[in-house]
Amino acid sequence: MARYAKPHITQRKTLLAVGEGKSDAAFLKYLRAQFCAGGSGVSVTVRQANGKGPSNVISTAIGALRISSYDKKLCLLDTDIDWTSQNKIDAKRKKIELIGSTPCLEGLLLQILGRQFPSVSDDCKRQLKAITGKEMFEVEDYAVHFTYFHLQAVRTNIAELDKLLRLFEGK
């Protein structure tokens, strides 16, 4: 009787992406939809830490790692609250990449749009809302101003965005 060879199944790379708040999680989910759609590429799990600063975001990522393992891990953190040396040690120990958005996600988004961003988080949020007309809490809110092609075009000028996109591309 002839043996049948099992088809070769390629294992997808996995990425855990933890955002600080609703907007961060929505943006990470939007990136997943743009760069990892169609079942090919990286399998991305997005978690939201519900704010409370960098310690909580890193703790949320470490908690997720107790349940599952991932090839790559990232935390998208605001830089308006300093990261302690213990935060950095905990992240390094678990091989979690820390990506800072200055001073907050909205500041990074303004930078992507080619705008000057204020140094205060609340001002960044107000300015972004004035441009987009939205709070940016939903994945669909990013579709108009942050297209795949626009993100690709500006990534070379914004190190944080390039780092994010490389992880979503499995690099």
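Visitor: Is Arg-155 buried or exposed?

Guide: Arg-155 is buried, at a relative accessible area of 10%; buried denotes under 20%, exposed over 50%, and partly exposed the range in between (1.4 Å probe, protein chains only). The model is predicted, so local features need pLDDT of at least 70 and side-chain atom pairs count only at pLDDT 80 or more, while totals for chains, interfaces and linings use all residues. Residues are numbered from 1 along each chain as its sequence is written, and side-chain values use heavy atoms, leaving out hydrogens and water.

Visitor: With which residue does Asp-162 form a salt bridge?

Guide: Side chains of opposite charge can pair when their charged atoms come close. The criterion is a side-chain nitrogen of Lys or Arg within 4 Å of a carboxyl oxygen of Asp or Glu. Asp-162 pairs in this way with Arg-155, the closest N and O atoms being 2.8 Å apart. Asp-162 is buried, at 19% relative accessibility.

Visitor: Where do Glu-169 and Arg-155 lie in the chain?

Guide: These two side chains, Glu-169 and Arg-155, form a salt bridge at 2.9 Å, N to O. The pair links distant parts of the chain, 14 residues apart: Glu-169 is in the segment after α7 (159-168), and Arg-155 in the loop between α6 (148-154) and α7. Helices are DSSP runs (H or I, at least four residues), numbered from the N terminus. Glu-169 is partly exposed, at 25%. Shared partners join Arg-155, Asp-162, Arg-166, Glu-169 and Lys-171 into one network of salt bridges.

Visitor: How many salt bridges are there by this rule?

Guide: The count is nine.

Methods
Helices (H or I, at least four residues) and strands (E, at least two) are DSSP runs, numbered from the N terminus.
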